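Q: Please take a close look at one part of this structure. Describe in a connected way what it contains and how it relates to its surroundings.

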Amino acid sequence: LLSEETLVHYLENYAAVGSLPKPEVVHQMRVALRRLWAILWAFKRLCTPEHEKELGIQLKAVNKNFSRARSMDVFCGTIIPLAISAPKDKLLRRKAVAQAAELAETERRELMRYLKSPEHTLSLLKLEQLLFAVHKDIEQSLRAEPRKLKELIARRLRTLRKQVQKTRGQIPPPDSKTFHHRRLLFKKLRYVSDAFGQLFRK
């Protein structure tokens with residue numbers, strides 16, 4: 001059910017793509033894929049290794065098509081204003097923003113070609129097929145031990161919390177792999193907590 005809701009989130013934004021995907025639409029579709037990945041990670045020990053591997057490969061294949069478009073949108077909206085903030089550099093900032101916006105539009109058009117392609121359609125069908133298989137794995141695993149889900153998620157959240165705590169006090173350079181890994185850890189913790197928070201409400 002959680003994975004289906006996440007896929008619906010993806011498809012709702014896909015329906016809003018229009019002639020050119022807007023930055024927020026690109027962001028939300030990518031968020032949906034990352035949430036789906038976080039849910040898969042949480043259920044990792046309840047599905048077969050084959051299904052978990054195949055689903056991971058398929059998610060990665062879809063997600064990679066969003067990376068360049070999303071990176072350029074962030075560069076235009078966040079990085080340039082922070083990097084060129086002095087009033088005397090307004091002309092430089094306008095030129096940089098204009099050039100970056102042109103590149104961002106090129107990347108979004110490339111993403112658009114992928115979203116309208118048979119490759120994307122086949123990827124969604126494959127994702128749905130794999131999610132159905134994973135659902136069956138999880139149902140079979142939980143049928144014998146209904147309380148197993150809460151215990152599993154609690155363990156997974158503790159694992160994430162420990163990983164996040166290890167990064168406490170670290171301030172790696174923003175362009176480093178360590179910084180990116182740290183960001184992904186915090187996002188994964190948030191997505192898993194949001195998805196399964198109701199299990200721990202009294």
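A: E110 and R113 are separated by about one helical turn, because they stand three residues apart in helix 4. Helices here are DSSP runs of H or I with at least four residues, strands are runs of E with at least two, and both are numbered from the N terminus. The model is a predicted one, in which local features need pLDDT of at least 70 and side-chain atom pairs count only at pLDDT 80 or more, while totals for chains, interfaces and linings use all residues. Residue numbers start from 1 along each chain as its sequence is written, and side-chain values rest on heavy atoms, with hydrogens and water left out.

The side chains of E110 and R113 form a salt bridge, with N and O 2.2 Å apart. The term salt bridge denotes a side-chain nitrogen of Lys or Arg within 4 Å of a carboxyl oxygen of Asp or Glu. R113 counts as exposed because its relative accessibility is 54%, and E110 is partly exposed because its relative accessible area is 41%. These classes are set by relative accessible area: buried is under 20%, exposed is over 50%, and partly exposed is in between, with a 1.4 Å probe and protein chains only.

R109, at 41% relative accessibility, counts as partly exposed. E105 is also partly exposed, its relative accessible area being 31%.

The side chains of R108 and D73 meet at 2.8 Å, N to O. Because R108 belongs to helix 4 and D73 to helix 3, this pair ties together parts that are 35 residues apart in sequence. R108 and D73 are both buried. Across the whole structure, a search finds four salt bridges.

Y114 and N65 are 49 residues apart in sequence, yet their C-alpha atoms are 7.5 Å apart in space.

The arrangement of the helices themselves comes next. Two packed helices are described by the angle between their axes and the distance between the axes. For helix 3 (residues 49-83) and helix 4 (residues 90-115), the axes come within 9 Å and cross at roughly 165°. Helix 3 is therefore roughly antiparallel to helix 4. The axes are lines fitted to C-alpha atoms, for helices over the stretch in contact, and the angles run from 0 to 180 degrees between N-to-C directions. Angles under 35 degrees count as roughly parallel, those over 145 as roughly antiparallel, those from 65 to 115 as roughly perpendicular, and the rest as oblique.

The crossing of helix 3 and helix 4 is left-handed; a crossing has this hand if the near helix is turned anticlockwise from the far one by less than a right angle, and it is right-handed if the turn is clockwise. Helix 2 (residues 23-42) also meets helix 3, with axes that come within 9 Å and cross at roughly 155°. Helix 2 and helix 3 are therefore roughly antiparallel to each other, and helix 2 passes helix 3 in a left-handed crossing.

Helix 3 also contains I79, which counts as partly exposed because its relative accessibility is 38%. Together with V74 and F75, I79 forms a nonpolar patch on the surface, with about 210 Å² of accessible area together. Patches are made of residues with over 30% relative accessible area and no salt bridge; like charges are joined within 9 Å, and nonpolar side chains (Val, Leu, Ile, Met, Phe, Trp, Tyr) within 5 Å. The accessible areas come from the Shrake-Rupley method with a 1.4 Å probe, and for residues only the protein chains shown count as cover.

These helices belong to a protein chain that has seven helices and zero strands. Of the 202 residues in the protein chain, 38% are buried.
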